[in-house]
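Subject: The two-chain model, handed over

Hello,

Here is the structure I promised you. Please open it first, then read my notes beside it.

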Amino acid sequence: MKCELAHERIVTGAYGELPDDQAHELDRHLAECAGCRQEREQLLAMKVLADALPVVEPGPNLVARSRLRLDEALDALPAMHWYERVVQRLMNSVAGLQAAPLAACLLLVAGLGAGGLGGFEFAQNRAAHAAATTPALATAKVPAPAQATAAAQPEIANVASISGIVRQPGTEMVEVSYNQLVPRKINGSLDDPEIRQLLMLATENSSSAGVRDDSVGLLAAECRAGHSCQGAGIRDALMVALRYDRNAAVREKALEGLEPYVSQDVRVRNAVLEALLNDSDPRIRTESINLLEPVEADTSVRQVLYSVSTSDDNPQIRNTSRQVLSRVPEIQ
Amino acid sequence: MGGAGRDGAGPDAAGKEQARLQARADENELIREAQGGSRVAFDSLVRQYEHQVLRLALHLTGSEHDAEDIYQEAFLKAFRYIGNFRFECSFYTWIYRIVTNLCLDQLRRKKTRREDHAVVLDHSGDEIDLLASVSDNRSFSNPARELDRKQLGEKIQAALVKLTPRERMVFELKHYQGLRLRTIGEMLNTTEETAKNTLFRATKKLRGQLAELR
């Protein structure tokens, strides 16, 4: 075996892709060629060095953020019209038939035959129908728009979704079923479960930062005032807002609302730690440090504070972290 | 030296093959439903592949933000073009083909702009310490080792950046993601032989770059 070929097979073999017979041949060559043995050693050393850049598993936050963003983008895509769905199904069927030529040919012949016959029948019926109804159609068409305005057609507005489309055969008439958004208002106390439920929904309102700001602010105020934030997912809603809301003012209010629970709820503490590490707004990161001070003895908190004190881009945040760390004796 | 895997023998291998075929059949059913417009079916497909997609994008780009963008683009493209999927290859290969093309585009753009990420950045641009998620306090009691590890990682990253985008992609898929050369060839729309030659060139270049570190 020539060394040039051996060098290629050394690489293939190092990655487990060499067939057994070629591996055997290579082993025989390596037993006699010091140069190629050195080549193999160098390649194995390179593999070890390359492993110094580990493959990081995506964290749950990254996965969650990515999913959320994808869901929003998919929700924002316009729904396909019924005729687009039909065309796509036809294309899929055609594509499937491409893999079955004989079946495709037979189907084509049968389809042509049926289509020809059906078309002939349809043309005959249409001619007969046109001959019988032409005078009436001329008059029916004219008042049709007037009839439409006279009849009590519902106003098409605030359409949430289209649930069905039915065409009456042989006519231009189509029945479309749709769901409508009905704007409504409700008055109630902040302690009212229905009001709280609506406020929590509002924290996820992706279109209006103002609505999100108001809802998060109200819920946060409730929590800070010591009103019940245990049940009904209010704390969860604030944590989601802190982690994912694009508006810094909303995230700041969520952080303030979670303050009473940093000591007692590990999930809240973790959310605040993530804000300290990841939030783009330095005010929020600084506020997170202040919130974590009562629990700086927690190992996770100390680890994050240490990391921030050495690596944060913002000098004030690095300084504040160091000050908090220095106030607590070293934990052995 | 490693060689090609030996043929499996006995009931275990047959059982595994059956399970694999069943899983493939289930997946094909999901794909057909997604092609029919089922969002639930498409979401199930996303769940099956999202970790691999993010892992690959994150390691190649070194940035959570870029990895998110690639994830977004890849699955939106998959949603848009799933009607074109013809079951001629596995859905795994198909989705990876989309992801690798997006990653190649990203690598080409970075090469033009000469952006090097020596460390992994989170979504707000802050550096993630790779060991911070490990519950091991030794990393904080040995800053010197921390620094060595970080510098070594930077040197590896700098060496990888010097590869062509295609070489980098093949090396990434083979060395870090552990895919077979035949699969890599399918994903990059080329042959197994070409993928093998590209891997050979990549390792040769890397050996030269990293020689000083040994």
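Start with chain A. Of its 332 residues, 22% are buried. Chain A holds 15 helices and two strands. Now look at its contacts with a separation of 6 or more. Residues 24 or more positions apart account for 50% of them.

Keep in mind that this is a predicted model. The predictor gives the complex an ipTM of 0.76 and a pTM of 0.51.

**A helix pair in chain A**

Find helix α13 (residues 282–292) of chain A and helix α15 (residues 315–326) of chain A. Their axes come within 10 Å and cross at roughly 5°. An angle under 35 degrees counts as roughly parallel, so α13(A) is roughly parallel to α15(A).

Which residues meet there? On the α13(A) side they are A:Pro282, A:Arg285, A:Thr286 and A:Ile289. On the α15(A) side they are A:Gln316, A:Ile317, A:Thr320, A:Ser321 and A:Val324. By class, this contact has four nonpolar, four polar and one charged residues.

**Chain B**

Next, chain B. It has 214 residues, and 31% of them count as buried. How many helices and strands does chain B have? The count is nine helices and zero strands. Read along the sequence, the pattern is α-α-α-α-α-α-α-α-α. Take the contacts in chain B between residues at least 6 apart in sequence. Of these, 64% join residues at least 24 apart.

**The nonpolar cores**

In soluble globular proteins, nonpolar side chains tend to be buried together. Here is what the model shows.

The largest nonpolar core has 54 residues. Those with the most contacts inside it are B:Ala57, B:Ala74, B:Val99 and B:Cys103. Helix α2 (residues 39–61) of chain B gives the largest share of this core, nine residues.

Leave out residues up to four places away in sequence. B:Ala74 then touches B:Val53, B:Ile95, B:Ile98, B:Val99 and B:Leu102.

There is also a second, separate core, with 34 residues. Among them are A:Val216, A:Ile234, A:Ala237 and A:Val304.

**Two loop residues in chain B**

Two backbone angles deserve a look. B:Phe87 is not a glycine, yet it has a positive phi of about 60°. B:Phe87 lies in the loop between α3 (64–81) and α4 (91–113) of chain B. Is B:Phe87 partly exposed or buried? There are 14 other C-beta atoms within 10 Å, so B:Phe87 is partly exposed.

B:Asn189 is also a residue other than glycine, and its phi is positive, near 60°. B:Asn189 sits in the loop between α8 (181–187) and α9 (192–210) of chain B. With 10 other C-beta atoms within 10 Å, B:Asn189 is exposed.

**Where to be careful**

The mean pLDDT of chain B is 80, and 77% of its residues reach 70 or more. Which elements of chain B have the lowest and highest mean pLDDT? Helix α5 (residues 138–141) of chain B has the lowest, at 44. Helix α7 (residues 165–176) of chain B has the highest, at 94.

Two stretches of chain B stay under 50. One is residues 1–8, for which the model has 19 contacts beyond four places in sequence. The other is residues 130–141, for which the model has nine such contacts.

Best wishes

Note on methods
Residues are numbered from 1 along each chain as its sequence is written. Chains are lettered from A and ligands numbered from 1 in the order in which they are written. pLDDT is the predictor's confidence in each residue, from 0 to 100. Helices (H or I, at least four residues) and strands (E, at least two) are DSSP runs, numbered from the N terminus. Two residues are in contact if their C-beta atoms, placed from the backbone, lie within 7 Å. Axes are lines fitted to C-alpha atoms, for helices over the stretch in contact, and angles run from 0 to 180 degrees between N-to-C directions. Angles under 35 degrees count as roughly parallel, over 145 as roughly antiparallel, 65 to 115 as roughly perpendicular and the rest as oblique. Ala, Val, Leu, Ile, Met, Phe, Trp, Tyr, Cys and Pro count as nonpolar, Asp, Glu, Lys and Arg as charged, and the others, Gly among them, as polar. A nonpolar core is a set of buried Ala, Val, Leu, Ile, Met, Phe, Trp, Tyr and Cys residues joined through C-beta atoms within 7 Å. A residue is buried if 20 or more other C-beta atoms lie within 10 Å of its own, exposed if 12 or fewer, and partly exposed in between; C-beta atoms are placed from the backbone.
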